[in-house]
Amino acid sequence: MCLFLRRLLNGLVLASLFSVFAASAPGATPALSTPPGNNAKMFKPGEKNADNSGDNFRYFIDTQRIRNTKEASAFLARATFGPDWQAINHLHSLGSYEAWLDEQFAIPPSLHMQWAEDNIRGINGTGDIRDNPEDWKRHADTLSYAQRDIWWHLATQAEDQLRQRVALAWSEIFVVSRNNGQLITQPDALISYYDLLVTDAFANFEKLLQDATYHPSMGKYLSYLGNAKAGTTPGSHPDENYAREVMQLFTIGLYELNPDGSLKLDNQGNPIATYNQNDVREMARIFTGLTDQNGFFFPGDGDSTHFSRTRPMIAVEEYHDRESKHILGQTIPGGDTRTDIDAALHLLFMHPNTGPFICKQLIQRLVTSNPSPEYVARISQVFNDNGEGTRGDMKAVISAILLDEEAFNGAVQQPQQFGKFREPLLFITHLFRAFHAQDEIRTLNLYEDGPSYEYPSYHFHGTDFTRQEGPLEALTVFNYFTPFDAPYSLKQEGLVAPELEIYGKQGIDDLLMGLITKNSFVYETFELSAELQLARETAWIARGEYERLLDELDILLTARQLSAASRTAIRTYLLQQKEVRNSNNEQLARYIIGLIMTSPDYALQR
């Protein structure tokens, strides 16, 4: 990259990522720049439309057509892995956000294991993965790349974009990671767990909580698979790992909350703990007696199989504590394993903290890092009751999050706090989707035996390449970042920016520019096949249609959030390159895309 471009890039990026929340982006316009008027209605949970029909959980219903492609792009940036022009035009033609949501809810889930069975072909004597499922463990080092490649393929190419995007959000709350002694050699277990999140993305929250609890990947990751009641061996007591995390991270959090997500305080102004160590001990007694479907209770007693790694855990009752348990001020009578676990999970599901605790995190993952208390309260109310008496209806919750008035108008109403930084993964998924990156049939090699499997992929293996973030690869159960993370300067302003905890700006810029400009080192060293399709952009430069190029990229990539300063600097560079020398039109198009995607205007999604 030429020195001028590097200086320009640095000038744009170093404008101050840490202070970008503190001022509204110049030239930024929200998807809906005025409050709902005569042609838009707002409903509260439980209210019916005038004709007593329709959904009850909508907070914002735009009865007008979606007015332009900018609005469509902004919405899709929240609800998918990144808009492309086909998706933008489709949403615009539908004319209704609700119609798009209904379409997405109706699409069958794209499952990772099904894709593996349909596409991973054995070569040179290796059988297809469908017929040889034990290869997942036998060749775990090799097939762990396939697990990652499948994620990238479905994140960028699957039709059920909303489901896939929500599944990523769930994976950052219900954390399971390959960075664990057992799961690092079980890519099929991780695939199965992620498929659970995909399948349950729109399910009732209680079902998601139950299914995650019974999955062997969670049982291994948080060490309650083979968790025996006290006294089974001398001095033994039940493992407390999952008992603590199911409360702290998956349901109620550490402190009591108001419905708007704010902390309840005692008479001395201190936060009130939701549970204590005795609750943890009692909850640990609940999660005794589970093992995988091989039937061996203690890990290590027998070898695992593909079936046992991918099917729900079962109970061995002799190891379950059947006495009564006292948790969060309530008593759970002694019973069998399933009865006790389901009762404890239901207790957590019904806890008043669960709605605001979970809903605020989903808002953070999809819309804005610093939602207003009113936004959180509205969504929590939908969690508590979808308008028809159902608690935990995630279709209702997700719809309410995406259709809330603050999601559309937050950039105008709260310019100093609205927005979220894109996660490193989302930079790449958007790039691949926006420019229809093409994959090709690639080969996986067993280290000793040479080529073994082939399937279509970008040959882009997530964390091994991005060095910053990968699905199901967090270092701890607290994910790559917590909902409360922020650099010191933002914390001083009372703001959070969770993604900045892993936001290595130089790293993401180098990666993006390497992919966008098709840097020979990046592509040849890693044998990437993510071929961006840039015929339109190249043609506009060749014809001198520079304003059209910038207009189209501004909508596609930033939903018209590109600041006047950034646009002027990029235009200046474009004109200089065309005037000073006869630049390669495609390479110049790549540089322009790179300048936009490495700008603060792109990094901060609003």
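User: How many aromatic pairs does the count come to?

Analyst: The model is a predicted one. By the rule used here, the count comes to 26 aromatic pairs. One of them joins Phe81 and Trp151: the ring centres are 5.5 Å apart and the planes stand at 85°, so the pair is edge-to-face. A pair counts as edge-to-face because its planes are over 60 degrees apart.

User: Where in the chain do Phe81 and Trp151 lie?

Analyst: Phe81 is in the loop between helix 2 (69-79) and helix 3 (85-94), while Trp151 belongs to helix 7 (residues 140-157). The two are 70 residues apart, and the pair links distant parts of the chain.

User: Are Phe81 and Trp151 buried or exposed?

Analyst: Buried means under 20% relative accessible area. Phe81 has 2% relative accessibility, so Phe81 counts as buried. Trp151, at 4%, is buried as well. Phe81 also has a charge over its ring: the charged end of Arg165 sits 5.9 Å from the ring centre.

User: What is the pair of Phe432 and Tyr458: stacked, tilted or edge-to-face?

Analyst: Planes under 30 degrees apart count as stacked and those over 60 as edge-to-face; the rest are tilted. The planes of Phe432 and Tyr458 are at 50°, so this pair is tilted, with ring centres 4.7 Å apart. Phe432 lies in helix 20 (residues 424-434), and Tyr458 in the loop between strand 10 (450-457) and helix 21 (463-466). Phe432 is buried at 2% relative accessibility, and Tyr458 is buried at 3%.

User: Which residues form one aromatic cluster?

Analyst: The cluster consists of Trp170, Phe174, Phe205, Tyr224, Tyr242, Phe250, Phe287, Phe349 and Phe383.

User: How many salt bridges does a search of the whole structure find?

Analyst: The search finds 34 salt bridges. To count, a side-chain nitrogen of Lys or Arg must be within 4 Å of a carboxyl oxygen of Asp or Glu. Asp554 and Arg560 meet this, with their closest N and O atoms 3.8 Å apart. Asp554 is buried at 3% relative accessibility, whereas Arg560 is partly exposed at 31%.

User: What separates Glu586 and Arg590 in helix 28?

Analyst: Glu586 and Arg590 are 4 residues apart in helix 28 (residues 585-597), which means about one helical turn lies between them. Their side chains form a salt bridge of 2.7 Å, N to O. Glu586 is partly exposed at 35% relative accessibility, but Arg590 is buried at 4%. Elsewhere, salt bridges with shared partners join Glu547, Asp551, Asp554, Arg560, Arg567 and Arg571 into one network.

Note on methods:
Residues are numbered from 1 along each chain as its sequence is written. This is a predicted model: local features need pLDDT of at least 70, side-chain atom pairs count only at pLDDT 80 or more; totals for chains, interfaces and linings use all residues. Side-chain values use heavy atoms; hydrogens and water are left out. Buried means under 20% relative accessible area, exposed over 50%, partly exposed in between (1.4 Å probe, protein chains only). Rings of Phe, Tyr and Trp (its six-membered ring) pair if their centres lie within 6.5 Å; planes under 30 degrees apart count as stacked, over 60 as edge-to-face and the rest as tilted. A charge sits over a ring if NZ of Lys or CZ of Arg is within 6 Å of the ring centre and within 35 degrees of the ring normal.
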